[in-house]
Amino acid sequence: MPERRRIPSLPDRLTGRLPDRLTALRTPADPGFWRSPVRGARFTAVLGLVLLVGLTLVFVTGLLSYAAYNPDLDPVNDKTPGKGWLGFYLFAWPTGPHWLYRLTQGLHVTVGIVLVPVLLAKLWSVIPRLFALPPARSVGHALERISLLLLVGGALFQFITGLLNIQLDYLFPGSFYTLHFYGAWVFLAGFVAHVALKLPQAVRVLRSGIPRGEPGPRAAPGTPTEADTLAAPDPLPATLSRRGALAMVGAGSLLLLITSAGRSFDGPLRRLALLTPRGGTEQGPGPNAFQVNKTAAAVRITPADTGERWRLTVRGPAGELRFSRAELLAMEQHSAALPIACVEGWSTSDQLWRGVRLSDLAALAGYPDSPPDVFVESLQRSGSFRKAALRDNQVRDGRSLLALEVNGAPLSPDHGYPARIIVPAAPGVLNTKWVETLTFGEL
């Protein structure tokens, strides 16, 4: 009688398990170990092109975010002092449009979050190649594997640290700014090399649907191919099409978009932003009812620090001047409608700030015609950005204020009472709260 073959059960087919006799012969290095019918060159190419566009946008907006700190202006602004030639792109960050940083950083964080399902699907689609043997068939192949190490390792590092930072979980062995900055350049090296090697093939696959070296549709089943090594040679019965798998990835990205992007908008959209800080809940009634990054209590600012004894110190060629809050209120007041935008990606709508122009304070300090840079110091005694520097173009802008009021009411303690900086298009951390000293020039 002919030998009877064991037919895999339904659970075996769904999970990819093989009969024990065959499983023992297969390892992850064997292409037959991977049996998902979804994997294939076209599936991977679609995900790769989405990542090409998305990650390019994330990288460019990340560079703009770093430039927005004016890190070459003063060491207090620069968290990567050894950057060397990697800082070649830095320029004087503009003050207009006033929502510029809100846009660039909002895109940086939101697009990064939305790409998480795409990145995971892409890594899943190419995981068989991680175990391919021999590790390097030639010098060119070895360089490709090294670029993949930089690409995959850099991408995972950037996404993980970025997501932790968004959630305010600072679980890093060093400064997030430094780690994220250098991690971005490591990732870029692998990204550029990988795109140079794989983009022509991805475009060819999407145009023709058949990778080079793969037989046409009339070729005999099982004919070996050279290019589409991602496709399983012995796939399980399909329970989900590749289009269906792409739709699932897209649905995951859409869900993340809906539950995170609203942290940059007021009203119903913010209430939907359940997965990020500064979203999901209203801030309560009143003129000061909008988001804050750090509270007065968190940085140990007490009523005694901001009470009647508080004075603003202004330094410059005219000497050292000291003003009470009442004296500042007696000066000419100006208004500016500006948002607060934070590095974590959240922002507020425009708030109506009122106070003394920084350029007017520069004139009192001895610079009546050409306001210079200013060094700002806060009452806050510990933590990042308790000191910050603003460039001369920021001081000159008529919307740059030492704000005393917001939305028609005095600043609340959490929003920087008795006085805070507000500058158009600047990152939130440079809009120093609880200001104690302004030093014009000498930076």
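This is a predicted model: local features need pLDDT of at least 70, side-chain atom pairs count only at pLDDT 80 or more; totals for chains, interfaces and linings use all residues.
Local features need pLDDT of at least 70, side-chain atom pairs count only at pLDDT 80 or more, and totals for chains, interfaces and linings use all residues. Residues are numbered from 1 along each chain as its sequence is written, and side-chain values use heavy atoms, without hydrogens or water.

A nonpolar patch on the surface is formed by Leu254, Leu257, Ile258, Phe265, Leu269 and Leu272. Together they have about 530 Å² of accessible area (Shrake-Rupley method, 1.4 Å probe, with only the protein chains shown as cover for residues). Patch residues have over 30% relative accessible area and no salt bridge, and nonpolar side chains (Val, Leu, Ile, Met, Phe, Trp, Tyr) are joined within 5 Å. A salt bridge is a side-chain nitrogen of Lys or Arg within 4 Å of a carboxyl oxygen of Asp or Glu. Helices H8 (242–258) and H9 (268–272) each supply at least two patch residues. H8 gives the most, with 3. Helices (H or I, at least four residues) and strands (E, at least two) are DSSP runs, numbered from the N terminus. Leu257 lies in H8.

Most peptide bonds are trans, and most residues other than glycine have a negative phi. The Gly96 to Pro97 bond is cis, with omega near -5 degrees. Pro97 sits in the loop between helices H3 (41–67) and H4 (100–114). The Tyr417 to Pro418 bond is also cis, with omega near 15 degrees. Pro418 sits between strands S8 (409–410) and S9 (420–422), in the loop.

Arg300 has a positive phi, near 65 degrees. Its place is the loop between H9 and helix H10 (303–306).

Methods
Patches are made of residues with over 30% relative accessible area and no salt bridge: like charges are joined within 9 Å, nonpolar side chains (Val, Leu, Ile, Met, Phe, Trp, Tyr) within 5 Å.
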